[in-house]
Amino acid sequence: MSNLTTDNPVALQVLMDETIFANGFDFQKDVSIHPIPEGNSTPILSAELNSSAARDTSYLAVGLDAEEAVKGMGSDNGRQDVVNDLEVLGGEFIYQGSKEQGILFILRYEHYPYFSPAALDAFEKTIGALKLTKETVAVLNLANPHNPNDFKRIMQFFQPTKIILLGVEPASLKLPFIAHNSYMKGRIATVFNTFSFEEMFADVNKKKLFWNEFKTFIGS
């Protein structure tokens with residue numbers, strides 16, 4: 001396979017109110033203070049996928065204090081004891097949503113079944129701005145001890161065409177290096193590596209970089 005290059009859009013536009021950036025975020029002011037440089041292209045490697053994968057280090061959502069984390073823990077391996085009608089149980093993987101559209105979000109939250117409350121709200125608004133819903137995409141939490149941290153098995157089970165790593169290091173799935181907000185294109189699926197929502201909450205520039213690439217990635 002040959003190397004590919006992603007082209008980051010230079011011209012930024014005012015985002016819709018439904019996106020995670022609208023709440024208290026002055027888009028034009030922030031662009032003037034933190035301009036994004038032109039020529040922001042990153043070479044991306046394409047590679048064969050290894051069949052084995054080592055578990056990543058435990059991921060604790062950034063910005064949560066100990067009390068919040070404990071509140072999010074349930075009696076079943078740290079999973080919240082709540083009813084989740086979107087959760088699919090009983091197979092090789094436990095996940096939320098649907099595999100039908102081939103869009104898979106992969107994350108790693110130790111103290112929540114999928115997202116922290118703030119990240120869930122941001123997630124719903126972000127995909128909603130692109131006409132997607134929780135029912136139409138798949139969300140996989142690799143911190144769930146039931147789920148194999150093996151990229152080949154993930155590919156075989158979900159058969160995705162678009163994979164979004166939200167705060168999950170590619171190396172933890174034995175993938176080649178992928179810079180943040182860049183892609184690795186394979187024969188079947190393209191992997192988009194980006195920050196966790198907690199990281200984006202703490203850094204406005206990371207939000208902008210994410211959104212600019214994410215909307216292009218989903219629309220491609």
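Mentor: Start with Arg153 and Glu92, whose side chains meet in a salt bridge at 2.6 Å, N to O. The term stands for a side-chain nitrogen of Lys or Arg within 4 Å of a carboxyl oxygen of Asp or Glu.
Trainee: Which parts does the pair tie together?
Mentor: Arg153 lies in helix α4 and Glu92 in the loop between β3 (87-88) and β4, so the bridge ties together parts that are 61 residues apart in sequence. Helices (H or I, at least four residues) and strands (E, at least two) are DSSP runs, numbered from the N terminus.
Trainee: What about the source of the model and the numbering?
Mentor: This is a predicted model, in which local features need pLDDT of at least 70 and side-chain atom pairs count only at pLDDT 80 or more, while totals for chains, interfaces and linings use all residues. Residues are numbered from 1 along each chain as its sequence is written, and side-chain values use heavy atoms, with hydrogens and water left out.
Trainee: How many salt bridges does the count come to?
Mentor: Three salt bridges. Asp121 and Lys125 form one of them, at 3.2 Å, N to O. Both residues lie in helix α3, four residues apart, about one turn of the helix.
Trainee: And which residue forms a salt bridge with Lys134?
Mentor: Glu124, with the closest N and O atoms 2.8 Å apart. Lys134 is partly exposed at 22% relative accessible area; buried means under 20%, exposed over 50%, and partly exposed in between (1.4 Å probe, protein chains only).
Trainee: Back to α4. Which of its residues are buried?
Mentor: In α4 (residues 151-158) the buried ones are Phe151, Ile154, Met155 and Phe158. They sit on the same side of α4, because they cover an arc of only 100° around the axis. The arc is taken from the directions from the helix axis to the C-beta atoms.
Trainee: What do they pack against?
Mentor: The buried residues of α4 pack against β4 (95-97), β5 (103-107), β6, β7 and β9 (190-194). Contact here means heavy atoms within 4.5 Å.
Trainee: What is at the start of α4?
Mentor: A side-chain oxygen of Asp150 reaches to within 3.0 Å of the backbone nitrogen of Lys152. Just after α4, Gln159 has a positive phi of about 50°.
Trainee: Change of topic: how many aromatic pairs?
Mentor: The structure holds 18 aromatic pairs, with rings of Phe, Tyr and Trp (its six-membered ring) pairing if their centres lie within 6.5 Å. One aromatic cluster includes Phe105, Tyr109, Tyr183 and Phe217.
Trainee: Which charged end sits over the ring of Phe217?
Mentor: That of Lys162, 5.8 Å from the ring centre. The rule asks for NZ of Lys or CZ of Arg within 6 Å of the ring centre and within 35 degrees of the ring normal. Lys99 likewise has its charged end over the ring of Phe157, 4.1 Å from the centre.

Key:
A polar contact is a pair of N or O atoms within 3.5 Å; within protein, one must be able to donate a hydrogen and the other to accept it, and residues adjacent in sequence count only if both atoms are side-chain atoms. Rings of Phe, Tyr and Trp (its six-membered ring) pair if their centres lie within 6.5 Å; planes under 30 degrees apart count as stacked, over 60 as edge-to-face and the rest as tilted.
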